[in-house]
Amino acid sequence: MNRHLISAADLSLDDAVAILDTAEELARLAERPIPKLPTLRGRTVVNLFYEDSTRTRISFEAAAKRLSADVINFSAKGSSVAKGESLKDTALTLQAMGADAVVIRHGGSGAPYQLTNWIAGSVVNAGDGTHEHPTQALLDAFTMRRRLGRLDGLRVAIVGDILHSRVARSNVWLLHTLGASVVLVAPPTLLPVAVGAWPCSVSYDLSAVLPQCDVVMMLRVQNERMTDAYFPSVREYSRRYGLDDERMGLLPAHAIVMHPGPMNRGVEITADVADSPRSTIVEQVTNGVSVRMAVLYLLLGGTEAR
Ligand code: CP
């Protein structure tokens with residue numbers, strides 16, 4: 001495996017399966033009275049977050065602590081970034097403090113890749129602009145495999161604001177590597193121009209797609225990244241691309257409903273669907289800790305999980 005995790009597209013099938021299998025072993029740790037391993041004792045993991053996060057930041061912190069690493073949480077708000085300090089100077093400061101791994105979330109697509117030029121340790125992309133969010137895709141794949149028993153041959157619909165979604169891009173690449181087939185469902189205005197080069201198909205009709213799905217992954221409408229009107233109204237969007245109880249009834253009985261969070265309840269997904277037994281939304285958060293433990297463990301060259 002590479003020293004860094006920047007893009008899901010960089011993961012080979014062997015890399016991806018190794019992460020999922022390691023996460024499965026590490027998930028058993030949570031069942032112990034003291035869910036901690038000494039594997040990364042003496043190592044320092046820095047969480048460098050330039051954008052808001054709840055799930056990703058907290059789960060990377062929990063993952064590093066469960067592996068006994070020292071954790072430094074850095075938020076751009078309240079730091080010298082607010083005084084104009086550049087990403088490079090911030091990186092050099094972290095490097096001088098001996099960071100073994102830097103987990104970065106940044107609004108600029110490509111920022112984690114740039115960081116690899118300045119950091120001697122590992123860089124993990126925790127979401128960069130509209131580009132990628134590889135650990136989200138890994139925890140999503142882990143959740144699908146746990147719930148449905150396999151990934152090869154699964155039919156997955158990813159629905160909603162694909163244009164602004166780093167989760168969609170990472171999932172398309174990772175699921176393709178793992179042998180699943182992906183259909184993107186969105187209004188034409190919320191699809192990237194380059195989607196024709198992605199290894200997936202496209203539909204504009206959610207109700208027609210659902211009966212063929214094993215997994216439907218609903219995405220948040222990212223109002224904060226929208227500079228224009230991409231659909232006539234929220235009501236119209238929900239009517240055509242939202243998942244409510246009635247539309248969920250079109251899914252096969254075994255199919256699951258996913259969402260990376262945070263959700264806009266009542267926009268892309270109703271509260272009934274989000275809280276239904278088919279929903280894996282809370283499991284995804286739990287699984288995120290095991291998957292991020294596996295990523296840190298494999299990147300930082302941990303020995304055996306004891
Ligand atoms: N799914 C996800 O990345 O959530 P946060 O923005 O809360 O980290």
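Strand β4 (residues 122–128) is mostly covered, with 7 of its 7 residues buried. The model described here is predicted. Its largest pocket has a volume of about 430 Å³, and a search of the whole structure also finds 2 cavities of 30 Å³ or more.

**Strands β3 and β4**

- Strand β3 (residues 101–106) runs parallel to β4, and 5 bridges join the two.
- Within this pairing, H106 stands opposite D128 of β4.
- D128 belongs to a strand, β4, in which 7 of 7 residues are buried.

**Largest pocket**

- The volume of the largest pocket is about 430 Å³.
- Its lining consists of 21 residues, of which R105, R166, R220, G261 and P262 are the closest to the pocket centre.
- By class, the lining residues of the largest pocket divide into 8 charged, 9 polar and 4 nonpolar.
- Domain 1 (8–133 + 285–305) and domain 2 (134–280) each contribute at least three residues to the lining of the largest pocket.

**Largest cavity**

- The largest cavity holds about 80 Å³ of space.
- Its lining is made up of R55, S59, Q136, L139, H259, P260, G261, I281, Q284, V285, G288 and R292.
- At least two lining residues come from each of α2, α5 (134–148) and α11 (281–299).
- Helix α11 gives the most to the lining of the largest cavity, with 5 residues.
- The lining of the largest cavity has 6 polar, 4 nonpolar and 2 charged residues.
- As for the domains, at least three residues of this lining are drawn from each of domain 1 (8–133 + 285–305) and domain 2 (134–280).
- G261 is one of the residues that line the largest cavity, and G261 is also among the residues closest to the centre of the largest pocket.

**Second largest cavity**

- The second largest cavity has a volume of about 40 Å³.
- M1, N2, H4, L5, I6, S7, D10, L11 and D15 line the second largest cavity.
- These lining residues comprise 4 nonpolar, 3 polar and 2 charged.

**Aromatic pairs**

- A pair of aromatic rings is described by the distance of the centres and the angle of the planes.
- F231 counts as buried because its relative accessible area is 18%, under the 20% cut-off.
- Y237 is also buried, at 2% relative accessibility.
- Y237 forms a tilted pair with Y241 as well, at 5.9 Å centre to centre and 35° between the planes.
- Y237 and Y241 are 4 residues apart in helix α8 (residues 234–241), so about one helical turn separates them.
- Y241 has a relative accessibility of 4% and therefore counts as buried.
- F231, Y237 and Y241 together form one aromatic cluster.

Definitions and conventions:
Residues are numbered from 1 along each chain as its sequence is written. This is a predicted model: local features need pLDDT of at least 70, side-chain atom pairs count only at pLDDT 80 or more; totals for chains, interfaces and linings use all residues. Side-chain values use heavy atoms; hydrogens and water are left out. On a 1 Å grid over the protein atoms alone, a cavity is a set of points where a 1.4 Å probe fits but cannot get out, and a pocket is an open set with protein on both sides within 12 Å along at least five of seven lines; lining residues have an atom within 4 Å of a point. Grid points are joined across faces, edges and corners, and a volume is the space filled by probe spheres set on the points. Ala, Val, Leu, Ile, Met, Phe, Trp, Tyr, Cys and Pro count as nonpolar, Asp, Glu, Lys and Arg as charged, and the others, Gly among them, as polar. Domain bounds come from an automatic or database domain assignment. Buried means under 20% relative accessible area, exposed over 50%, partly exposed in between (1.4 Å probe, protein chains only). Two strands pair if DSSP finds at least two bridges between them. Rings of Phe, Tyr and Trp (its six-membered ring) pair if their centres lie within 6.5 Å; planes under 30 degrees apart count as stacked, over 60 as edge-to-face and the rest as tilted.
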